[in-house]
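Please look through the structure below with an eye to what holds the chains together and how far the coordinates can be read.

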Amino acid sequence: MLCCICKEKEATVHLTQIAGDKMQKVDLCEECAKTKGVNDPTGFSLADLLLGLGASQEIEQAGGGAEIKCARCGFTQADFKKAGRLGCPECYKTFAEALEGLLKTMHKGTRHVGKVPESMRQSLDLSDRLKLLQKKLSKAVEEEDFEAAALLRDEIKQAAARLTNTAAT
Amino acid sequence: MDIHDFLIPPAESARRKGPHDRIVMSSRVRLARNLKEAAFPGWAKKPERIRLLEMIRPAIESLPEMKEAFSATMDNLSTLDKQILVERHLISREHAAKSAGSGLVLNREETLCFMINEEDHLRMQALRPGLQLRQAWTAIDQADSALERKLEYAFNPEVGYLTACPTNIGTGIRVSAMLHLPGLVLAEQINPIIQSVNKLGLAVRGLYGEGTEALGNVFQVSNQMTLGESEGAIVERLEKVLAQIIEHEENARGTLLEKKPKMVYNHIGRAYGILANAHSISSKETMNLLSLMRLGVDVNLFPGVDRALVDEMFILTQPAHLQKQHSEKLSAG
C-alpha cells in the first residue's frame, strides 16, 4: 500500500478515524507520518492531519457545499481547514455540526465535566432547581393537590425571575 | 526592569526540592482561557489584540499572588531574553515568537506564569519542583477563580471553556510532569513505556514540549484530552501513571547496576571525561552527557556532589543562557 500523501513510499503508519457514522482511513509512510507529526501523537498534529485529509471533506459536506462563515468574526471553513484553529468563541456555534465528530474523536466525551465559572454556576443551579420545581408541580396537579401546586407555582415564579436576573448580569 | 535582574539565579532554582525529584524534575498545570466578546489571538487584528492585552494584563497584576511580578509586552523583550524564558520553561516557543499585542506576567517565585495572547487569550500555568501535580492544580485553580471575577470568560455549559484549538476545549487543562529517565533509556525499555503511556491517552514529548526531541533523557508526560473528564480526575490519572513510570525507572536503574554495572559506569565515566576535557561541545551533546552525570550523582558515583549542581548546569549550558553569559563576559572584559 502506498502512502496517501507522497504516493511514493510504502505506507507503514495506518490511522482510522470515525467521524459520525463514517470511517476514514489514512495510510502514511514513515517520513510523511513524521512530518505530519503522527509519531509525536499530540492531539494537535493529529487534528491537523485529519483536518487536512479526511475531516475537511466532512466539514464541506456538512455545509452542503456552501461556505459557512461565522457571523461574528467572519471566520470560514477554509480558514479552519488551513489553521486547525477557530476564529472566536462564537465559531463553536457556527461550526457546531462539523465540529461534533471531531470533538468525539479527540476527547473522552462530548460534554464538559469539571470547573464551571461561578457566575455560570449560579444560573446552572437555578435552572436545575427550576426543572425540579416544574416536575413537582406537574406531580401535584396530577394528584390534585392544589394547595401544594399553588405554593410551587409561586416558587417557580421566583426562581425564574432570579434566573433572568443572573443571566442579565 | 530587566528580566535578568528578575529571574532567580539557576544555582538557586536548581536547589528547590520536591517529592520524587530524583526522577520528576518538575510538575506543571496549565489552563487555557478566552474572553467572551473577542476573536481568538490567531484571528484577531493587532489593535484588538492590543486592546485585550491592556485589559487582561492589569487584571493579572492585581492578583494578590502576583505582587512584585515581572510584567512585560513581548515587543519589549529581546529575542535572547525570550529564548532564556523558553529555556527556563516559563513560556512556550510559540509565545517567544510573538511581539506587540502579546504579553507575559511572571510572579516573584517563578511558580505562576501568565502568557497573554499566545494561542488563547490567556494561558496560565503553575509550576512546582518534583511531583506536585495537585499543588500546582490548586494554585492555578485559585488564580483562575480570582481572575474569573475580573474577566468574562468564554464558557459554554455543554462543552466548557472555549479555546482556539478544539483539542483544548472543556477544561482547557494540561497537566504535565518533566521526567528524567536515563535508566529506561539505557535499559532500552523506554519505547514500550512510551507506547503504553500513549495508549492511556497521555502524550510523551521532548524537553520543550510539542514536537521536540527528548534531549538529556528528559521526557514530558501530559494529558491530551480535555473534554469529558474533570480536572481532578485528570490529575489523579496522571499521578497514577507517573507513579508507575517512577517505579519502572527505579527498577531499570536497579537492574542495570546489578547486571551491567560496567556498562553504566562506563557511560557515566566517559560523560565525565568528555565534559571535563572537551574544548568544544554542542548544547545537545552537553545535555545528553549531563543526564549521565545526574544519574552518576543518583547512584553515588560522585560522593559529595549535589544533584542541584548538575541541574544548574542543565540550565546554564543551554544556548541562550550561554550566549548571555558570553556576551556579558565580553562586555565586562
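In soluble globular proteins, nonpolar side chains tend to be buried together.

Helix H9 of chain B runs over residues 231-259, and its 29 residues reach 42 Å from the first C-alpha to the last, close to the 42 Å expected at 1.5 Å a residue. An α-helix has 3.6 residues a turn, so residues three or four places apart point the same way.

Chain B as a whole is built from 13 helices and 10 strands. Its radius of gyration is 21 Å, close to the 20 Å that the globule rule gives for 333 residues, so chain B is as compact as a globular protein of that length. The C-alpha trace of chain B spans about 65 × 55 × 30 Å along its principal axes, and 49% of the 333 residues in the chain are buried. Of the contacts in chain B between residues at least 6 apart in sequence, 70% join residues at least 24 apart.

Where the two chains meet, 34 residues of chain A are in contact with 38 residues of chain B. On the chain A side, the elements that give two or more residues are helix H2 (43-62), helix H5 (96-106) and helix H6 (118-142), and H5(A) gives the most, with 4 residues. That side of chain A divides into 18 nonpolar, 10 polar and 6 charged residues.

Confidence is a further matter for chain A, which has a mean pLDDT of 75, with 72% of its residues reaching 70 or more. Among the elements of chain A, helix H4 (residues 91-94) has the highest mean pLDDT (93) and H2(A) the lowest (48). The pLDDT stays under 50 over residues 39-45 of chain A, for which the model has 21 contacts beyond four places in sequence, and it is also below 50 over residues 53-60 of chain A, a stretch with 18 contacts in the model beyond near neighbours in sequence. Where pLDDT is low, the predicted coordinates should not be read in detail.

Terms used
Residues are numbered from 1 along each chain as its sequence is written. Chains are lettered from A and ligands numbered from 1 in the order in which they are written. This is a predicted model: local features need pLDDT of at least 70, side-chain atom pairs count only at pLDDT 80 or more; totals for chains, interfaces and linings use all residues. Two residues are in contact if their C-beta atoms, placed from the backbone, lie within 7 Å. Ala, Val, Leu, Ile, Met, Phe, Trp, Tyr, Cys and Pro count as nonpolar, Asp, Glu, Lys and Arg as charged, and the others, Gly among them, as polar. pLDDT is the predictor's confidence in each residue, from 0 to 100. The radius of gyration is taken over C-alpha atoms; the globule rule is 2.2 Å times the number of residues to the power 0.38. A residue is buried if 20 or more other C-beta atoms lie within 10 Å of its own, exposed if 12 or fewer, and partly exposed in between; C-beta atoms are placed from the backbone. The expected span of a helix is 1.5 Å times one less than its number of residues.
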